[in-house]
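Here are my notes on the model. Please read them beside the coordinates.

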Amino acid sequence: MPELAPLLTFARLTIWEASRRRLLVAVLVLTLIVIAATGWGFHELRYANGPGGGPEVGEVQLRLIASQVLIFIVFLFSAVLALMSVLVGAPSISGDVESNLVLAMLARPVRSSELVLGKWLGLAGLVVLYSAGAGILELIVVDWTTGYVPPSPVGLIAYVASVGLVLMTLSLLLSTRLAGMTAAIIPLAAYFMAWVGGIIGGIGSAIGNQGLITTGVVSKLLLPTDGLWRGAVYAMEPASVVAAMRAAGTAAAGNPFGATDAPAPPFLAWTAVWFTLVIGLTLWSFRRREV
Amino acid sequence: MIRTSIREQVVDLQERQAAAATAAASPAIHCVELSKRYGRTVALAGLTMTVPRGEVFGFLGPNGAGKTTAVKLLLGLVSPTGGEGWVLGRPLGEVATRRRVGYLPELFRYQPWLRGGEVLRLHCELARLPRATWREETARVLELVGLSDRARDSVRTYSKGMQQRLGLAVALLGSPELVFLDEPTSALDPVGRYDVRQVIHHLREAGTAVFLNSHLLTEVEMVCDRVAMVDRGRVIATGTLDELLGGQACRIRVTGLDVRQRQSLSAFGHSEDDGEWIVVRGLDAERVPDLVAEVVRLGGRVYAVEPRHQTLEDRFLELLGGGH
């Protein structure tokens, strides 16, 4: 059984590494610039004729527009988060194996499971910290410029963070066997395929094609990122938009930036099982690897 | 009730003392037919050896002979596919044993984004040393490897030799009972090599067993008490340096003797004469001074005396001879 003390040592080391390597600083600076730029954009939304003037749109209409623009901005954030999660996860174990560093650490009274779980915990901390920090800041800026607050801000941040956690976990698994670059490319490709899979599934339900629907469901089970993204979208949609989409019926189902329902509890339960399986597989894979 | 408890404690204490005594009496390393295959490749074929406590043991062989595999097996980093072994009296692969063992891996890099002192503190933590001892312990090992003034610098700025010294310092943390050094001098310049030898001498004085992997024969010859020679995953010879090298040859450079006088030296053993040098074989080390005295008595002038003139290299090549 893994013990807590060495596990926490590895978690702290992982966060320490990210901060020392200026990765965190670079991402934070970039994020702040993007948030500032979107703040200016949201501020200009209130003028019907675009930046610099024209009559102001009504408050209700402004919030409705803001809610839709926010979905696209958050999609951009989640894509950056996906990239970051994969880039920190993929070299995490393979890099230490290549430099023989792992030999020096595993020759101490620690288990390989403590190293893997510690690294996962540290990386998960980074992903959650970034999602929460950037998310809260962006929501404050949107509220301040347009007065719009999405219906479920906490849910939004939790779903966005989960997308990052899924990708980081997958890249960590691949990192036990593959070189950093390969372990990064595969989860990213899978992320985009799952996104497309979600759209295909949506189109399937719009036109009533069972084959497409099944494709959507399978892709969602293999990599739950798109299902979680839909959860984030649902958390951002005002009641009026949800009502309008429901009224449109199945025709709206293919829209990757829309969601008519919150993720179903069985899907969330599956996501928990997915994490357990992939982390379990990571522990097994690293233990079996001859370092 | 109380009496029972005291008795239990006494019994417990006796058992623990007995266990400690057994552990102390056990060799640093003992293994029987330890082997490792990777698929069809045999990395180590039946390693059988015993390394006594407090000795510097040289594990000598060409690159690819299975030396690093042996160390990884002994440290429990990989599992054997055959045979068994004990380190410090405990079966291979026990996590707790690693508290008493130090290890310098071959060709490794420490986290370049850490400072030297931070690497050491990290390993103090991983080795589960009491926190109160960290400062003293890191200062001690830094002093030992001559890195005290660079502890605050980032590892990124270290030269290869300094990285190796840092690795050595990490291996010495917590005064382990057994230290594995995998090719410790291969990246070092002559001064660095000298320093490593000094550290190994220091360890021997402190009673620490050292398992030294090396393909550098002269290195092993200079520091090791006992040597095992490996080739293609097998031990081809093992013993003390004297045992391995015969210990019974003396090379002497002498002038001023005529042919008859030179031949008379064969009274000490089988002698070979190549003009300047005379090699006397089968000569006990204790009789070397007598040989020199005899040369002087005969009117010869002695320029050099090399007891045990056969080098480890000669012996090694001789042993490999059949297969290479």
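1. Basis. This is a predicted model, in which local features need pLDDT of at least 70, side-chain atom pairs count only at pLDDT 80 or more, and totals for chains, interfaces and linings use all residues. Residues are numbered from 1 along each chain as its sequence is written, with chains lettered from A and ligands numbered from 1 in the order in which they are written.

2. Helix pair in chain A. H3 (residues 59-98) packs on H6 (residues 153-175) at about 25 degrees, with the axes 7 Å apart. H3(A) and H6(A) are therefore roughly parallel (angles under 35 degrees count as such). The contact of H3(A) with H6(A) has 15 nonpolar residues, eight polar and no charged. Here Ala, Val, Leu, Ile, Met, Phe, Trp, Tyr, Cys and Pro are nonpolar, Asp, Glu, Lys and Arg are charged, and the others, Gly among them, are polar.

3. Chain contact. Chain B gives 23 residues and chain A gives 20 (contact: C-beta atoms, placed from the backbone, within 7 Å). On the chain B side, the largest share, four residues, comes from helix H3 (residues 116-126) of chain B. That side divides into 16 nonpolar, two polar and five charged residues.

4. A:Asn100. Its phi is positive, about 65 degrees, though A:Asn100 is not a glycine. A:Asn100 sits in the loop between H3 and helix H4 (101-106) of chain A. A:Asn100 counts as partly exposed, with 17 C-beta neighbours inside 10 Å (buried: 20 or more other C-beta atoms within 10 Å; exposed: 12 or fewer; partly exposed: in between).

5. B:Glu183. Phi is positive here too, about 50 degrees, and B:Glu183 is not a glycine. The loop between strand S7 (178-182) and helix H6 (190-205) of chain B holds B:Glu183. B:Glu183 is buried, with 20 other C-beta atoms within 10 Å.

Methods:
Axes are lines fitted to C-alpha atoms, for helices over the stretch in contact, and angles run from 0 to 180 degrees between N-to-C directions. Helices (H or I, at least four residues) and strands (E, at least two) are DSSP runs, numbered from the N terminus. Angles under 35 degrees count as roughly parallel, over 145 as roughly antiparallel, 65 to 115 as roughly perpendicular and the rest as oblique. Two residues are in contact if their C-beta atoms, placed from the backbone, lie within 7 Å.
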